[in-house]
Amino acid sequence: METAIVNITDDRQGIEAIREKIRAAGRIIRQGGLVAFPTETVYGLGADALNPLASGKIYEAKGRPSDNPLIVHISNMEDLDRIVKKAPEQAKKLAEKFWPGPLTMIFEKSDIVPLETTGGLQTVAVRMPNHPAALLLIQSGGGFIAAPSANTSGRPSPTRAEHVAEDMRGRIPMILDGGPVGIGIESTIVDFSEEIPMILRPGYITAEMIQEVIGEIRMDPGLAAEDAKIHPKAPGMKYRHYAPKADLILVSGAKEKVQEKINELAEKAAEEGKTVGIIGTEETKDGYRYGVVKSIGTRKDETSIARHLYGILREFDQMDVEIIYSESFSLSGIGQAIRNRMLKAAGHQMIEV
Ligand code: TXA
Ligand code: MG
């Protein structure tokens with residue numbers, strides 16, 4: 001299959017030409033096909049969420065386990081009530097505050113949502129993304145687009161159209177290229193299918209931000225444990241995920257000690273003839289002496305670290321690096337989401353110094 005990569009950023013083509021391209025992509029979705037598209041978090045691989053055959057194609061293109069449910073993307077509030085049995089008041093409050101935005105909520109599903117979309121579950125995850133192209137695609141694609149991240153299952157999520165092409169070229173008819181995304185890690189997931197709402201996946205919207213709106217919220221114990229043996233509730237969080245081909249090892253502790261340890265480990269690996277990668281920051285990158293050193297962003301602004309995380313892992317993949325040592329990041333704010341993704345990418349290998 002030819003994969004068309006359609007540029008929707010170049011302003012010189014005019015806004016109406018861009019809208020027409022997105023509407024054409026919407027027609028592919030309506031006909032049961034797949035289109036990859038940008039959102040503010042990561043690129044998604046979209047299909048008509050109400051068409052079981054279309055959802056099925058997503059699993060095939062990604063090589064995704066069939067028990068791993070998809071997020072249904074909507075473009076306006078009224079559509080929420082069509083796909084869920086009942087959205088509790090607290091969820092509506094969160095939607096008012098954070099939609100469109102990087103927040104996904106889970107509810108009991110209504111009958112029109114096929115089990116193929118929900119991985120066999122009676123619940124459905126819903127999100128309204130904050131991206132004009134995504135919103136127009138959802139509208140023109142019929143209103144309900146099932147979309148996981150547009151990577152091959154297990155690989156780092158795509159934050160640019162080039163990443164999607166790496167994984168999906170030849171497997172899907174179209175990629176909408178909207179340039180690099182703004183946030184760079186996937187949405188926060190809050191489960192409303194139980195008594196007390198629970199965060200199943202940390203993201204840009206933090207527990208503190210949610211608490212301010214609705215009060216009590218729990219963290220999935222499977223996340224906080226930092227232990228691979230306690231399974232998180234979201235099926236997708238249990239797999240080794242977001243992972244580069246190389247072995248990734250995190251080093252945590254005081255700045256100087258971390259740098260010393262990484263230099264020591266990198267030297268040893270280099271002596272053993274391994275190709276070594278190092279993930280540092282703007283503040284520390286000049287202090288490393290071995291291997292390929294990449295700066296992931298600045299500690300003064302952790303959103304820059306989130307934005308570059310997956311891209312850096314993919315860059316190391318392309319260089320056939322065999323082992324990567326990385327600094328680790330704080331647990332406050334978006335740091336918690338960064339830590340969560342890095343631990344999973346590292347298969348929970350972390351050295352404390
Ligand atoms: O930012 C995002 O959320 C991106 C963009 C494209 O919107 N999408 C995304 O989808 O990250 P995906 O499929 O890569 O991750 C969805 C996660 C998986 O871990 C899945 O298991 C979980 O959400 N999930 C989906 N529906 C669920 C449900 N009904 N119950 C529990 N977990 C669910
Ligand atoms: Mg994913």
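The legends below describe close-up views of a predicted model.

Local features are given at pLDDT of at least 70 and side-chain atom pairs at pLDDT 80 or more, while totals for chains, interfaces and linings use all residues. Residues are numbered from 1 along each chain as its sequence is written, chains are lettered from A and ligands numbered from 1 in the order in which they are written, and side-chain values use heavy atoms, with hydrogens and water left out.

**View 1. Packing of helix α6 against helix α10.** Helix α6 covers residues 161-168 and helix α10 residues 302-318; helices are DSSP runs (H or I, at least four residues), numbered from the N terminus. The two pack at an angle of about 50°, and their axes are 11 Å apart. Axes here are lines fitted to C-alpha atoms over the stretch in contact, and angles run from 0 to 180 degrees between N-to-C directions. Helix α6 is therefore oblique to α10 (angles under 35 degrees count as roughly parallel, over 145 as roughly antiparallel, 65 to 115 as roughly perpendicular and the rest as oblique). On the α6 side the contact is made by His-163, Glu-166 and Asp-167, and on the α10 side by Gly-311, Arg-314 and Gln-318; contact means heavy atoms within 4.5 Å. By class, three of these residues are polar, three are charged and none is nonpolar (Asp, Glu, Lys and Arg count as charged; Ala, Val, Leu, Ile, Met, Phe, Trp, Tyr, Cys and Pro as nonpolar; the others, Gly among them, as polar).

**View 2. Ser-140 in helix α5.** Helix α5 spans residues 132-140 and includes Ser-140. This serine is buried, at a relative accessible area of 13% (buried means under 20%, exposed over 50%, partly exposed in between; 1.4 Å probe, protein chains only). A polar atom of the Ser-140 side chain lies 2.8 Å from the backbone oxygen of Leu-136. Leaving aside residues up to four places away in sequence, Ser-140 touches Ile-22, Arg-23, Gly-26, Arg-27 and Arg-30.

**View 3. Asn-263 in helix α9.** Asn-263 is found in helix α9 and counts as buried, at 4% relative accessibility. The backbone nitrogen of Arg-289 and a polar atom of the Asn-263 side chain are 2.9 Å from each other. Beyond residues up to four places away in sequence, Asn-263 touches Gly-287, Tyr-288, Arg-289 and Tyr-290.

**View 4. Glu-256 in helix α9.** Glu-256 belongs to helix α9, residues 255-271. Glu-256 is exposed, with a relative accessible area of 54%. Its C-alpha atom is separated by 9.1 Å from that of Thr-284, 28 residues apart along the chain.

Technical notes:
A polar contact is a pair of N or O atoms within 3.5 Å; within protein, one must be able to donate a hydrogen and the other to accept it, and residues adjacent in sequence count only if both atoms are side-chain atoms.
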